[in-house]
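Here are some short notes to read beside the model. Please keep the 3D view open as you go.

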Amino acid sequence: MIRSSCFGKLLGSYRKPVGILVTLILTLAASASSSLAKAASPCHEISFRSGAYVVCTVDLRAYRVRLFWRDTRQQPYGGFDRLPRRIADSPLVFAMNAGMYEQDLSPVGLYVEDGKILHPPNQKNGAGNFYLKPNGILCVGDQDARIMTTERFFSERPKVDFATQSGPMLVIDGKTHPRIKPVSNSQKIRNGVGIQDSHTLVFAISEQPVTFFEFAELFRVGLKSRNALFLDGGISSIYAPALRRLDSLYPMGPIVAAYARK
């Protein structure tokens, strides 16, 4: 009985510091987890000239980038909520609508997934942004990517794992698309993608309506992209959990997503 009483007093004397230590460890672990989550995110908010944007810089050596259109039942994903949250233990860190689509959510132009052409290229003439030529194609491999005009794509015919066609090109070889002019009354929420080097794609979405010229200048000047492609406007959406963004404005067709490599 005496031993039990002594042990109880001894245990009681350690409960307070042990409790404090456990609390400290849990706090540090939570803080570290939060820091790692933020570090894993490629997305951040920026200001450029008079506009505000969310920019996601995706180094393909650190992230797996792929496209989604239809699920295993051949139904369009239609939004971010149905995307796989993990692929081969790689967590989903970013997603964005990835090119123009028809009312049935099928792509307007070329769409390649896992090396297979699921929708043919579109070289027709027509009305609308897609047909403001030159339009272009985003091509993605395992750890490399390219953005090129549709004409160049068909001239070179590169082998790709994923590809989506959209338009117009915003920046072509360091120069603004010749039909995009500084003065315009057309302002919309817009999203697009540029390339900084053979490994690094940079995606952007405006936080408020902007003109084509303002958006092209973001890529050409602000993000130092020699080639950039317009993805869409008006329905532009982003999934960026680190920024608490899960847009669901409209059902969407092709989607581009990035998964952190492990």
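**Core and salt bridges**

1. Start with F203. In this predicted model, and setting aside neighbours within four places in sequence, F203 contacts V54, V55, C56, V58, F94, M96, G192, V193 and V256.

2. A separate, second core has 20 residues. Among them are V55, V171, V202 and F215.

3. Now the largest nonpolar core. It has 33 residues. F94, L201 and F203 touch the most other members. In soluble globular proteins, nonpolar side chains tend to be buried together.

4. Turn to the charged side chains. The count of salt bridges is 11. One of them pairs D71 with R73, at 3.6 Å from N to O. D71 counts as buried because its relative accessibility is 8%, under the 20% cut-off. R73 is exposed, because its relative accessible area of 61% is over 50%.

5. Which residue does R245 pair with in a salt bridge? The partner is D247, and the closest N and O atoms are 2.8 Å apart. Both R245 and D247 are buried.

6. E217 and R220 also form a salt bridge, with their closest N and O atoms 2.9 Å apart. Both lie in helix α3, residues 212-222. They are three residues apart there, so about one helical turn separates them. E217 counts as buried, at 6% relative accessibility. R220 is partly exposed, with a relative accessible area of 32%. Salt bridges with shared partners join R49, E217 and R220 into one network.

Conventions
Residues are numbered from 1 along each chain as its sequence is written. This is a predicted model: local features need pLDDT of at least 70, side-chain atom pairs count only at pLDDT 80 or more; totals for chains, interfaces and linings use all residues. Side-chain values use heavy atoms; hydrogens and water are left out. A nonpolar core is a set of buried Ala, Val, Leu, Ile, Met, Phe, Trp, Tyr and Cys residues joined through side-chain atoms within 4.5 Å. Buried means under 20% relative accessible area, exposed over 50%, partly exposed in between (1.4 Å probe, protein chains only). Contact means heavy atoms within 4.5 Å. A salt bridge is a side-chain nitrogen of Lys or Arg within 4 Å of a carboxyl oxygen of Asp or Glu. Helices (H or I, at least four residues) and strands (E, at least two) are DSSP runs, numbered from the N terminus.
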